[in-house]
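Me: Before we go through the terms used for this model, could we set each value against the definition behind it?

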Amino acid sequence: MSIAGDRSELRSDLAWAASRLLRNCYRQAEDNDELKHPTLARVIQKVMGADSWRASSNQALIDALRQAIDKLPEEMTGRGPESEPGTVGNSSWRGQPERHFAEILYGFRDGEIRQRFEKRGLHVTQPTYDEHYHSTVLELAGFDPNSDDSTAKRMLRVIREDLADELLKMEQKASRQPLPTSRSAKVGAWHEYVPRPELQAQFREAWDSEAKVIILVGLPGMGKTWLARQLTASSAGESAPRILITSGKPHEPDIQAALLAQQIEIRGPVISDPRAHLALLLSHEDAPHLVVLDNLDSTDELRQLLPNTFRSRLVATSRRRGDTPPEDCEFISVGAMSDEEAAALIALRLPTLSEEDTRSLAEALGNYPLALTHACTLIAKRDLSVAQFTQDLRWDAAGITQRISTQHDADLLTVLQRLVQLLEAEDPKAHALIRYMAFVSIVPVISSDFLRRCLNAEMPTTSYTSFLQALETLESYCLIDHRAVKGFIGESPTIAIHPLTQVMLRQVFRADWKATAQGFGKVFDAYVVERKAYKRRGEESPPEFQQWESLNTMLVYAFRCVERWHLYLELEPTLGSGRDGAGRYVDDYLEDMEFLHDARDSLVERGLLPEAWRDWLWERLIQLIEDFRSV
């Protein structure tokens with residue numbers, strides 16, 4: 001039916017609805033009345049949802065009309081037969097909110113109705129609709145509705161036309177599946193969710209753009225599943241259907257539950273073809289407005305999971321962007337929390353923790369949401385101090401992260417290992433780059449130019465374009481981001497990696513430390529050659545060159561310390577620990593450590609490293625050496 005036809009039908013239905021609701025105020029409404037008014041029934045079902053309609057069609061009608069009446073104009077105006085603007089005759093209507101009269105006419109001001117009857121001396125316990133209507137018009141409009149005056153009819157037509165228009169707008173908006181309202185605080189299962197305003201604003205913008213698919217992408221443990229559940233829940237706290245995806249396949253019980261909830265008939269066992277049943281769920285005429293696909297390895301999997309056309313809008317969580325995401329999709333990168341968000345999360349779990357300890361814990365874990373949750377649980381249950389936890393994290397980060405489980409029962413380290421395996425198969429250059437980044441942990445960010453030198457040391461024929469493509473791959477895996485950091489010198493872009501991710505990656509690449517150390521040695525040799533070239537030309541090398549040459553030298557010496565320690569352990573049983581035996585390697589080790597200490601101070605004194613990073617650099621050097629002394 002056309003919009004004009006819908007409007008005409010709705011005006012007629014709304015006249016009935018006034019009678020229906022008023023009768024309901026005073027006596028039981030007749031069952032199945034709505035079947036006589038299909039246009040209104042269709043609109044109310046769409047606006048309020050099929051579940052609300054099935055639970056109580058009468059209540060759904062009341063709730064929808066309340067919403068529509070709230071949208072009516074502030075001033076009561078009328079229209080002539082041809083819909084020209086005009087005003088209703090009696091001045092008592094002017095300047096009054098139209099919704100005020102609509103509420104009375106539709107029975108939403110029961111107290112005012114009774115007062116009006118009592119004012120006129122009519123002490124009626126259950127007035128009829130005719131009595132109510134006569135009293136209302138006489139009181140508010142100042143004329144007898146039974147007279148020939150057409151003002152009352154005009155007034156009622158105005159209200160019903162405007163209500164019909166508002167209901168049709170609401171239906172149209174509901175058909176576009178409007179943004180779900182965030183869960184209320186009273187919902188128990190997710191009461192510890194910490195708002196993330198920037199991400200929520202990005203989601204709202206993506207939703208308003210009417211993108212068919214919104215993808216939350218980020219490393220495991222960054223809170224993608226929490227965020228998806230929060231953003232897709234209804235105002236009553238009901239979660240959108242959530243389908244877990246494992247190794248590219250939909251979780252069969254999740255699909256079955258979603259189909260049953262939508263009362264979509266299942267033909268054949270779900271286990272036979274879960275992808276076909278997912279397509280049924282998304283494409284059926286009773287498809288849910290919104291479905292969450294959780295735990296994708298890559299957005300490329302959506303190409304295999306989704307039918308060509310579907311009704312539902314989708315929110316997906318994924319660990320990497322992939323190469324061929326679906327059309328009409330929006331990406332939202334989910335990374336570490338802000339300082340304020342991390343502090344709020346800790347305060348929920350450890351409300352008595354001091355500000356100093358809160359800050360220390362958040363800094364130690366780099367505001368990593370899942371790691372913070374795990375740490376807070378340990379501290380609360382095991383009477384563990386923040387100082388002890390952060391100290392243990394420095395020397396046993398791999399052991400601790402192996403105990404941090406994601407929402408999908410896999411620990412962070414295992415999930416990261418899987419990502420690295422996928423990366424190696426897809427892009428060996430990106431795989432080599434992230435290995436070097438795992439070991440360059442002595443500063444918070446890494447020079448893009450330095451990383452290119454590392455890659456060229458291992459793969460000498462790598463072009464600059466290939467290098468940039470490798471960086472793009474790492475970004476698609478959410479392993480790195482570009483960041484400008486105050487205190488760094490030069491124009492070369494800097495690349496950041498989350499410190500906790502870096503620690504876990506070092507564990508993943510633990511067996512490759514010698515090959516990586518050799519690469520740093522080749523970079524050292526290249527720096528020496530280039531420095532001599534500057535000297536021959538009578539030029540001073542740029543500050544950025546000096547900075548990263550020094551930092552690379554420190555990495556070379558740090559791994560040389562590790563090699564000397566290994567030689568000592570290997571030879572000590574046969575040569576003894578004296579200086580004439582294996583002990584000489586301990587002496588060399590101590591000399592190298594002294595060199596590292598002096599080199600750190602020289603960097604700061606020459607203005608090549610911020611003073612605030614003096615202790616950071618030394619602590620990370622010691623940690624790097626300790627990590628590999630036992631390998």
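**Terms and their cut-offs**

Reply: In this predicted model, Phe 450 has a relative accessibility of 0% and therefore counts as buried, since buried means under 20% relative accessible area.

Me: What makes the pair of Phe 450 and Trp 548 stacked?

Reply: The ring centres of Phe 450 and Trp 548 are 4.9 Å apart, with 25° between the planes, and the definition asks for centres within 6.5 Å and planes under 30 degrees apart. The pair links distant parts of the chain, with Phe 450 in helix α21 and Trp 548 in helix α25, 98 residues apart. Trp 548 has 2% relative accessibility and so counts as buried.

Me: Why is the pair of Tyr 527 and Phe 545 called edge-to-face?

Reply: Tyr 527 and Phe 545 have 75° between their planes and lie 5.1 Å centre to centre, and planes over 60 degrees apart count as edge-to-face. Tyr 527, at 1% relative accessibility, counts as buried, and Phe 545 is buried with a relative accessible area of 7%.

Me: Why is α20 called roughly perpendicular to α23?

Reply: Helix α20 (residues 428-439) and helix α23 (residues 499-508) pack at an angle of about 110°, with their axes 8 Å apart. Because angles of 65 to 115 degrees count as roughly perpendicular, that makes α20 roughly perpendicular to α23. The contact is made by Ile 434, Met 437, Ala 438 and Phe 439 of α20, together with Gln 502, Leu 505 and Arg 506 of α23.

Note on methods: Residues numbered from 1 in each chain as written. Predicted model: local features only at pLDDT ≥ 70, side-chain atom pairs only at ≥ 80, totals over all residues. Heavy atoms only, no water. Axes fitted to C-alpha atoms, helices over the stretch in contact; angles between N-to-C directions. Helix = DSSP H or I, 4+ residues; strand = E, 2+ residues; numbered from the N terminus. Parallel < 35°, antiparallel > 145°, perpendicular 65-115°, else oblique. Contact = heavy atoms within 4.5 Å. Phe/Tyr/Trp six-rings, centres within 6.5 Å; stacked < 30°, edge-to-face > 60°. Buried < 20%, exposed > 50% of the residue type's maximum accessible area, 1.4 Å probe, protein only.
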